[in-house]
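Q: I have a structure open and want to walk through it. Can we start with the aromatic rings?

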Amino acid sequence: MVKAPDGNKLAILHALKCGEFVSGQALGEQLGISRAAVSKHIKSLQQMGIDIFKVTGKGYRLNNSLPLLEEAEIRQSWAQLSDTPCQIEVHSIIDSTNSELMRRIQAHQSIPKGQVLVAEMQQAGRGRRGRQWQSPFGANLYYSCYWQLDEGMQAAMGLSIAVGLAVHDALKALFDLDVQLKWPNDVYLNEQKLAGILVELDGQVEGPCHLVIGIGLNVAMPESAAGQIDQAWTDLSQHVSAVNKNQLVAVLTLCLQKRLEIYERHGLSVMTEQWNALNVHRQQGVTLTTGQKQWRGICEGIDSQGGLVLRQDGELKTYYGGEISVRKEAS
């Protein structure tokens, strides 16, 4: 089990995040520890998946600039966007931000609507169908938000569509990136996966429904973790010169709240057209799989309930279900 980095390790990361070489002696003097202790901390950070290398005579350097989370900076960014209280909580290492919020729900803790948890590292990050989500320290954004719908679990059926659009909104506002969306819950850039969404529910069919909305967004994926990903992927560092992860958290939270509020009032009816315009598989042949069953057709987008519409033998058929995956047909 990886332990959360202590104050010295975090101080080393902050000293190195500028991307320049820093000598072991300078780090030791700054922290009041020996060079041997610095070396030990560096090895521990490397074991967490952080790409640090050493050059004799120069010192240590991060292979990529590491955008670290700072709660104070997040709050400052939020204050520039909204007059509402900032409900964003930062963790260093956690099993899963989604799991932590779900534990609080099941323990009947009082959670403010819109509460956000972000972490530098997840030890048990999860994607759909129980897949592992690669979550190396400091590299990406691991984000979960609590929401509640009074209309019951059925009202949440198309929620991941609204969340995908919120991610689109944030990346467009911050970086002018034109991302695409894959049904039901992935974000793509240049036909490579950039982010994934995992919405989990706790509640009753006709009673209040508690939602945990998880977003994993690739920011600066290290090579050590990239080798374990079994599909085409990309990260923000390949498309933008610099990422302020604290500003990203604040803007994403605002965009997500706006989309969720629209969803509560109008459902997906006012978002369907925009989502279809961003559909990564628009008018392409796809195979849709659930369990042992498969269906093939031309992807026509989604309907007003968030179901996937396929054209099959000249007819339009709609499919729903949280365990359905879509794969582009080989050309």
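A: A search of the whole structure finds two aromatic pairs. Rings of Phe, Tyr and Trp (its six-membered ring) pair if their centres lie within 6.5 Å; planes under 30 degrees apart count as stacked, over 60 as edge-to-face and the rest as tilted.

Q: What type of pair do phenylalanine 21 and phenylalanine 53 make?
A: Edge-to-face, because the planes of phenylalanine 21 and phenylalanine 53 stand at 90°. Their ring centres are 5.8 Å apart.

Q: Where do those two sit in the chain?
A: Phenylalanine 21 is in the loop between α1 (7-16) and α2 (24-31). Phenylalanine 53 is in strand β1 (residues 52-55). Helices (H or I, at least four residues) and strands (E, at least two) are DSSP runs, numbered from the N terminus.

Q: Is this model predicted or what? Which rules apply?
A: The model is predicted: local features need pLDDT of at least 70, side-chain atom pairs count only at pLDDT 80 or more, and totals for chains, interfaces and linings use all residues. Residues are numbered from 1 along each chain as its sequence is written, and side-chain values use heavy atoms, with hydrogens and water left out.

Q: Back to the rings. How are tryptophan 295 and tyrosine 319 arranged?
A: Their pair is tilted, at 5.1 Å centre to centre and 45° between the planes. Tryptophan 295 lies in strand β11 (residues 293-302) and tyrosine 319 in strand β13 (residues 315-319). The pair therefore ties together parts that are 24 residues apart in sequence.

Q: Buried or exposed, what is tyrosine 319?
A: Tyrosine 319 is buried, with a relative accessible area of 12%. Tryptophan 295 is partly exposed, at 26%. Buried means under 20% relative accessible area, exposed over 50%, partly exposed in between (1.4 Å probe, protein chains only).

Q: New topic. How many helices and strands does the chain have?
A: Nine helices and 14 strands. Of its 331 residues, 52% count as buried.

Q: Which residues have the most contacts inside the largest nonpolar core?
A: Val118, Leu141, Tyr143, Leu171, Leu236 and Leu248. That core has 64 residues. Apart from it lies another core, of 19 residues, among them Leu13, Ala15, Leu27 and Ile42. A nonpolar core is a set of buried Ala, Val, Leu, Ile, Met, Phe, Trp, Tyr and Cys residues joined through side-chain atoms within 4.5 Å.

Q: What does leucine 171 touch?
A: Leaving out residues up to four places away in sequence, its contacts include Val179, Leu194, Leu236 and Leu248. Contact means heavy atoms within 4.5 Å.

Q: Now α8. What does it reach, first C-alpha to last?
A: Helix α8 (residues 245-266) reaches 31 Å with its 22 residues. That is close to the 32 Å expected at 1.5 Å a residue. The expected span is 1.5 Å times one less than the number of residues.

Q: And what's at the ends of α8?
A: Asparagine 244 caps the N-terminal end of α8, with a side-chain oxygen 3.0 Å from the backbone nitrogen of asparagine 246. Glycine 267 follows α8 and has a positive phi, near 70°.

Q: What does the side chain of aspartate 186 make a polar contact with?
A: The side chain of lysine 193, at 3.3 Å. A polar contact is a pair of N or O atoms within 3.5 Å; within protein, one must be able to donate a hydrogen and the other to accept it, and residues adjacent in sequence count only if both atoms are side-chain atoms.

Q: Where are those two residues?
A: Aspartate 186 is in strand β7 (residues 186-189). Lysine 193 is in strand β8 (residues 192-203). Aspartate 186 is buried at 12% relative accessible area, and lysine 193 is buried at 11%.

Q: What about the loop between β7 and β8?
A: Glutamate 191 is found there. Its phi is near 60°, a positive value in a residue other than glycine. Glutamate 191 is partly exposed, at 46%.

Q: Last one. Which peptide bond is cis?
A: The bond from tryptophan 183 to proline 184, with omega near 0°. Proline 184 is in the loop between β6 (180-182) and β7.
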